[in-house]
Amino acid sequence: GDKGIMKKRKLLAAVMAMTIAGTTLLSGCGMNTGATLVNINNGEDSISLGYGNFVARYTQSLYDATYMQYMGTSMWTKEQDGTTFQDSVKKLVMKSLKEDYLLEQHAADYDVTLSDDEKKSIKKAAKAFMKNNDEDTLEEMTATEEIVEQYLTNQTIASKVSNAIKESADITVTKEDAAQRTITYAYIGSVTYKDASGKTGYYTDDQKKDLKAKAEALTKATDLKTEGEAAGATIKTTSYGKDDTTLNEAVIKAADKLSEGEISPVVEVGNDGYYVIRLDSAYDEEATEKAIPTLEEKKRDEYLKSVLKGWKKEITWTTDKKEWKKVQFDTFFEKVTDADTTE
């Protein structure tokens, strides 16, 4: 699902209190902030390079603050499936630039406006952002008070409009749609283990045979939990519905075949381990009730996506690839802590 957008909305609260960033500057490049990054409807409207760069670099700073300590400074240039992390984040940014633009364009259709209080706190937040960040940071981010204010405005409106669209969706989820089966399974990993000194080891083929035999024994268990734990398996009780994406497909397939109280044969999942599954409930009333709102939310998200898709078709965009290439995550943003500022 498109968690990106939802996450971004939650950031709004964080944005309102933004003090990033002492940056570690590696390069500084003058950028023509007024250049057109996205041309909309043949020049009828546009998104500027300065604005696009700000959104991209601000997004980068949030990732830097979260992941830099684990992934190190080469995180943006690391490749996965032929694209760098920088490029995949830039792709998300471009998608959200366009979606936020569309949402804002349609604000009136959903009677969305900003209150005076909201406008005031946006102005205040933009001023604080300019004040709290050093010149290098602001320059790298091509941040001006106007751009920051525009960003916060767009975020707030887009958030309100997307909520309004979701509210307007005519959605019913029946108990049948949400029906949950509850299983308990014993899991024995067959790939790696930690030895006494905390080092990672890989199981040999002989060891795997032993592990599989342990799993085999559990298929005859009278008490899967107790016997499973004694055998060193991980025991978990969980519910799943017809569109479940959290459990492995092979596990669901095996669970679907069981009747209540029955235990499955060993399910071997390559590069993972062995599962032995017991069906606790073929229709779990309580889990089903709980699943309904989640399923509703999922359908509302799908409705929002389809509305955006329709709007996208009514508009022509051209992104200037040469200008977009100039947006590079080649300097890093560090979150300033209180300790830093008191010094």
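**Group meeting: a walk through the model**

Of this protein's 343 residues, 41% count as buried, where buried means under 20% relative accessible area, exposed over 50%, and partly exposed in between, with a 1.4 Å probe and protein chains only. This is a predicted model, so local features need pLDDT of at least 70, side-chain atom pairs count only at pLDDT 80 or more, and totals for chains, interfaces and linings use all residues. Residues are numbered from 1 along each chain as its sequence is written, and side-chain values use heavy atoms, with hydrogens and water left out.

The overall picture comes first. The protein has 13 helices and 13 strands. These are DSSP runs numbered from the N terminus: helices are H or I with at least four residues, strands are E with at least two. Take the contacts with a separation of 6 or more: residues 24 or more positions apart account for 75% of them. Contact means heavy atoms within 4.5 Å.

Now the sheets. Strands of a sheet pair through backbone hydrogen bonds, either parallel or antiparallel. Here, two strands pair if DSSP finds at least two bridges between them.

Strand β2 (residues 36-40) pairs with β12 over three bridges. Which residue in β12 is the bridge partner of Val 38? That is Thr 319.

Another open sheet has four strands, ordered β9-β6-β11-β10, again with antiparallel pairing. Its edges are β9 (234-240) and β10 (267-269); each has a single partner strand, so one side of each is left without a neighbour in the sheet. β6 (residues 181-189) and β11 (residues 273-281) pair over eight bridges. Tyr 187 stands opposite Tyr 275 in β11. Helix α8 (residues 205-218) lies across β6, β10 and β11, and runs at about 10 degrees to β11.

Next, the aromatics. A search of the whole structure finds 14 aromatic pairs. Rings of Phe, Tyr and Trp (its six-membered ring) pair if their centres lie within 6.5 Å; planes under 30 degrees apart are stacked, over 60 edge-to-face, and the rest tilted.

Look at Phe 54 and Tyr 58. Their ring centres are 5.9 Å apart and their planes are at 10 degrees, so the pair is stacked. Both residues sit in helix α2 (residues 49-71), four residues apart, or about one helical turn. Phe 54 and Tyr 151 have ring centres 5.4 Å apart and planes at 75 degrees, so this pair is edge-to-face. Phe 54 lies in helix α2 and Tyr 151 in helix α6, so the pair ties together parts 97 residues apart in sequence. Phe 54 and Tyr 151 are buried.

Elsewhere, Tyr 63, Tyr 67, Trp 76, Phe 85 and Phe 329 form one aromatic cluster.

Last, a lysine. Lys 166 is in helix α6 (residues 145-168). Is Lys 166 buried or exposed? Lys 166 counts as buried, because its relative accessibility is 6%.

How values were computed:
Axes are lines fitted to C-alpha atoms, for helices over the stretch in contact, and angles run from 0 to 180 degrees between N-to-C directions.
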